[in-house]
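Work through the exercises below with the model open beside you. Try each task before reading its solution.

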Amino acid sequence: MMDPVSAPTPVPIELTIFGGTLRARVPVPAGPTTAGDLLTPLRAITDAVVALSVKSVEREGRSVSCRAGCGACCRQLVPISRVEARRLLGVIEAMPDPRGAAVRERFRRAAEAIRAAGLSDTLLHPRREKIESLRELGVDYFRLGVPCPFLEDESCGIYEERPLICREYLVTSPAERCATLDDVKGVPVPFKPSIALSRLGEEPGREVVAFVPLAQLFEWAAEQPETPPADDPPRPGPEILGEFMERLSQSGATPPVIGAEAAVGWAATRRRGHAPPG
Ligand code: SF4
């Protein structure tokens, strides 16, 4: 019989975006777990948020132009959460050679190009930068033309495992514009699951969201202590999901840009005795 602490408990969530509402009961372990172990439901919530956003642009007569075999956007700076960084290191470790060796070699080459451009330290330690200069950094990074090391034949080689920020990025403008970033029309996603995940457990007053530059995964890993990660301690599943939904609602600082009302409401049961996330 399953331990009642690790047995899944359904947590109700409700999310309203651009007039569309997602209601679901998300099964998470009642007892201690980690955000890393909840990536599957967090990805499902992300995909649902993006689907509601896509429906909204379709109501305006636009359609998503992203297609398999178009990897122009995979040359942008891809800031991922520490939780996803650890997961992807495991994904690479599980890859048999020669593919695993090829992926590791692409990471080595990407990190070398970033270092040669003088961007390595700045990207790995974004606390030192102002948010405005991080935006400029993104443009400088794109100009390097460094493909994501997971890009294979211009398609994502880890599609099921791709980070939340990759799931959030869709465009409706012609694909060729993505190669120059010239007048790219993205699908507005008013609330950012990628930011909510990066902010889980974040200390108050932080100026810049902590992120890991995907192409520098191994450089970041080399700087991490060998002890279990302090930023993803085991907590009851409903508490982690509740904090994620709250952070998600906070991630909507940018008003919706296509003229529709957007709102997020969340309701997540929390086990008695656990404080609301700060
Ligand atoms: S993880 Fe996949 S989708 Fe994301 S940037 Fe890399 S290749 Fe592209």
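Helices and strands here are DSSP runs: a helix is H or I over at least four residues, a strand is E over at least two, and both are numbered from the N terminus. On that basis the chain has 9 helices and 8 strands. The model is predicted.

**Exercise 1. The chain as a whole**

State what share of the 278 residues is buried, and what share of the contacts between residues at least 6 apart joins residues at least 24 apart.

Solution. Start with burial. Of the 278 residues, 33% count as buried. Then turn to contacts. Among those between residues at least 6 apart in sequence, 78% join residues at least 24 apart.

**Exercise 2. Helix H1**

Check the length of helix H1, then list its buried residues and what they pack against.

Solution. Step one is the length. H1 covers residues 39-59, which is 21 residues. At 1.5 Å a residue the helix should span 30 Å, and its end C-alpha atoms are 30 Å apart, so the two agree.

Step two is burial. The buried residues are Pro 41, Leu 42, Ile 45, Thr 46, Val 49, Val 50, Leu 52, Ser 53, Ser 56 and Val 57.

Step three is packing. These buried residues pack against strands S1 (8-17) and S2 (20-29), and against H6, H7 and helix H9 (237-250).

Last, look past the end of the helix. Just after H1, Gly 61 has a positive phi of about 90°.

**Exercise 3. The largest nonpolar core**

Find the residues with the most contacts inside the largest nonpolar core, and the element that gives the largest share of this core.

Solution. The core has 54 residues. Those with the most contacts inside it are Val 49, Leu 197, Ala 215, Leu 241 and Phe 244. H1 supplies the largest share of this core, 6 residues. Now follow Phe 244. Beyond four places in sequence, Phe 244 is in contact with Leu 42, Ala 196, Leu 197 and Leu 200. Leu 42 is one of the buried residues of H1. As background, nonpolar side chains in soluble globular proteins tend to be buried together.

**Exercise 4. Helix H2**

Repeat the length check for H2, and trace the packing of its buried residues.

Solution. H2 has 12 residues and should span 16 Å at 1.5 Å a residue. Its end C-alpha atoms are 17 Å apart, which agrees. Buried in H2 are Arg 82, Val 83, Glu 84, Ala 85, Arg 86 and Leu 88. The buried residues pack against H1, strand S4 (79-80), H7, strand S7 (212-213) and helix H8 (217-222).

**Exercise 5. Backbone exceptions**

Which peptide bond is cis at Pro 98, and what are the phi values of Asp 153 and Leu 181?

Solution. Recall the background: most residues other than glycine have a negative phi, and most peptide bonds are trans. The cis bond joins Asp 97 and Pro 98, with omega about 10°. Pro 98 lies in the loop between helix H2 (82-93) and helix H3 (99-116).

Asp 153 has a positive phi near 50°. Asp 153 sits in the loop between strands S5 (151-152) and S6 (155-156). It is exposed because 8 other C-beta atoms lie within 10 Å, and the limit for exposed is 12 or fewer.

Leu 181 has a positive phi near 60°. Its loop runs between H6 and H7. Leu 181 has 15 C-beta neighbours inside 10 Å, so it counts as partly exposed.

**Exercise 6. The ligand shell**

Sort the residues around the ligand by class.

Solution. List the shell: Cys 74, Val 78, Cys 148, Phe 150, Leu 151, Cys 156, Ile 158, Arg 162, Pro 163 and Cys 166. The count is 9 nonpolar, no polar and 1 charged.

Conventions: Residues numbered from 1 in each chain as written. Predicted model: local features only at pLDDT ≥ 70, side-chain atom pairs only at ≥ 80, totals over all residues. Near = placed C-beta within 6 Å. Nonpolar A, V, L, I, M, F, W, Y, C, P; charged D, E, K, R; others polar. Expected span 1.5 Å × (residues − 1). Buried ≥ 20, exposed ≤ 12 C-beta atoms within 10 Å, placed from the backbone. Contact = placed C-beta atoms within 7 Å. Core = buried A, V, L, I, M, F, W, Y, C linked by C-beta atoms within 7 Å.
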